[in-house]
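Welcome! Take a moment to look over the model below before reading on.

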Amino acid sequence: QTLTPALNLSTSDALFTRAKNHIPGGVNSPVRAFRAVGGHPVFMQSAQGAWLTDVDGNRYLDFINSWGPMILGHAPQIVLDAVQGAIGNSLSFGAPTRREVEMAELIKQMVPSIEKVRLVNSGTEATMSAIRVARGYTGRTKILKFEGCYHGHGDSFLIAAGSGALTLGTPDSPGVTPGVAQDTLTVPYNDLAAVEQAIAANDGQIAALILEPVVGNMGLVVPAEGYLQGLRELCTQHGIVLIFDEVMTGFRLARGGAQELYGITPDMTTLGKIIGGGMPVGAYGGRQDIMDQVAPAGKVYQAGTLSGNPIATAAGIAQLTYLQQHPELYDELNRITTRLADGTRQICAELGLNYTVNQVGSMFSVFFTDKPVVNLEDAKTSDTEAFGRYFQGMLHRGIYLAPAQYEALFVSTAITDELVDHYLTACREAMREAHSL
Ligand code: PMP
C-alpha cells in the first residue's frame with residue numbers, strides 16, 4: 001500500500017487560524033473551507049497554466065480552475081495583456097464604454113438565443129435578475145427549479161439547493177422567508193412527469209422554469225435524452241419562461257454552451273465567471289421582447305455601479321474572442337476529459353469499486369457509488385467519507401480536486417496527455433488508499 005506523501009501546509013494552516021478570527025468559517029465562500037473532506041483549506045499564492053502554487057510553495061494540478069472560468073488555464077497571456085492594456089485608463093467609470101457594446105455583440109454571436117443582454121457582477125446577480133424579469137414579463141409569481149441545482153445564493157434559489165448548500169446540509173437556508181419559499185417549487189431532475197404535475201397543480205402561476213441544462217452542482221448530471229426538449233415544449237405550451245442557467249456550461253461545453261450542444265433554444269440564459277476570464281462578471285439575456293422589460297427600456301428594475309466594468313470586459317472579450325476563433329479547442333478538451341473520465345472509470349472497475357463517472361465535454365464527476373446518477377437522490381447514495389479520504393490522497397499527491405462530492409471538475413486547455421497520465425497514476429494510488437485496497 002502506498003502511503004500518503006507528506007505535505008507541508010504550515011503557512012496555510014497559520015493563515016486559516018487567523019482567518020477564522022475575522023471571516024465566518026475563515027472563508028469567503030463556504031465550499032473553500034474543506035468541511036466535507038476534512039483538513040484545512042489550502043491558501044493559494046499564484047498559478048500558471050495547469051498548475052497552482054500555494055503559500056507554502058506546494059504545486060498542484062488544477063481541476064477546479066476557479067470553478068470553471070479558467071478554461072484556457074491560469075494567467076493566459078492574451079487575457080493578461082488585455083487587462084494590463086485596460087488598467088491605465090481607470091478601473092471604473094460608472095458610465096458606458098465601448099467594450100460593453102463589443103462584449104454584448106460577442107455574447108450574441110456565440111449564443112444566438114440571446115437577442116439582448118445585460119452585464120452584472122456575478123452568477124447570483126444574473127439569476128436573481130432573470131427571474132425578476134420573467135415575473136415582470138409574465139405577471140406570475142412562482143418559479144420552478146430542480147432539486148440539487150444551484151443558481152447562486154438569491155433567496156428564491158436556496159430551496160433544495162445544490163453545491164455548497166447541499167454539502168453543508170443547508171439546501172433550505174435559514175433567513176429565507178416562508179413567503180419567498182412558497183413561491184419556489186422544486187421537482188427532481190430528469191423527471192418530465194414531475195414537471196407536468198407541478199405545472200398542472202399551479203396552473204397559470206409559474207413565471208419561469210430555471211435549470212442547469214447540464215447540472216454541475218450535485219456533481220455532474222447529464223440530461224436524459226429528450227428531457228431538455230420536453231421542458232422546452234412544456235414551457236412553450238404553458239407560457240412559462242424557460243431559463244437555462246449556463247453559468248458553468250456557457251462557452252465551456254461548446255462555444256454556444258449546452259443550448260448549442262443539445263440544440264435547444266431557451267427564452268433566457270444566465271451566464272457568469274467564464275465571460276470575465278476570472279474577473280467578477282455575470283450576464284443575463286434572451287428574447288428581445290422579454291429583455292426589453294428591463295429598465296430603462298422597461299419597468300423591471302435592475303442596476304449595478306460596477307456592471308460592465310472596464311477591466312472585467314477587457315478580460316472577458318479577450319477570452320471569449322479566443323474561444324470564438326479556436327473552435328477546435330472544444331474537441332481537444334473533450335478528448336482529454338474523456339481520457340480522464342474513462343481512465344478513472346477503468347481504475348475504479350479494476351479495484352472492484354464500479355463507481356459512476358459522469359462526463360459532458362470538459363466537465364466530469366466521480367460519484368462514489370455504483371448506482372447510475374441521474375438526479376439528486378442518486379447522487380446522495382455516494383460514500384462521502386471515502387470521497388473525503390480520496391480527496392486528501394489526491395491533494396497530497398499534488399492534484400487539486402473540488403473539495404466536495406457534489407461538485408463537478410473542470411478541465412482547462414492546459415491539461416496535456418502527460419498531465420492526464422500524472423492524474424491517473426495519482427488516482428489509482430489515492431483510490432486504493434481511500435478504500436484500504
Ligand atoms: N448558477 C450556477 C449554475 C452556478 O454554478 C453558480 C456558481 N457556481 C451560480 C449560478 C452563482 O454564481 P456566482 O457564484 O458567481 O454568484
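Helix H4 (residues 123–138) gives the largest share of the shell around the ligand, three residues; helices here are DSSP runs of H or I with at least four residues, and strands are runs of E with at least two, numbered from the N terminus. This is a predicted model, in which local features need pLDDT of at least 70, side-chain atom pairs count only at pLDDT 80 or more, and totals for chains, interfaces and linings use all residues. Residues are numbered from 1 along each chain as its sequence is written.

In total, 17 residues surround the ligand, and the closest are Ser122, Gly123, Thr124, Gly152 and Val247. A residue counts as near if its C-beta atom, placed from the backbone, lies within 6 Å of the molecule. Here is the shell by class:

| Class | Residues in the shell |
|---|---|
| Nonpolar | four residues |
| Polar | ten residues |

Ala, Val, Leu, Ile, Met, Phe, Trp, Tyr, Cys and Pro count as nonpolar, Asp, Glu, Lys and Arg as charged, and the others, Gly among them, as polar.

Now for the chain as a whole. The protein chain has 15 helices and 14 strands. Along its principal axes, its C-alpha trace spans about 65 × 55 × 45 Å. Buried residues make up 54% of the 437 residues; buried means that 20 or more other C-beta atoms, placed from the backbone, lie within 10 Å of the residue's own.

Conventions. Buried ≥ 20, exposed ≤ 12 C-beta atoms within 10 Å, placed from the backbone.
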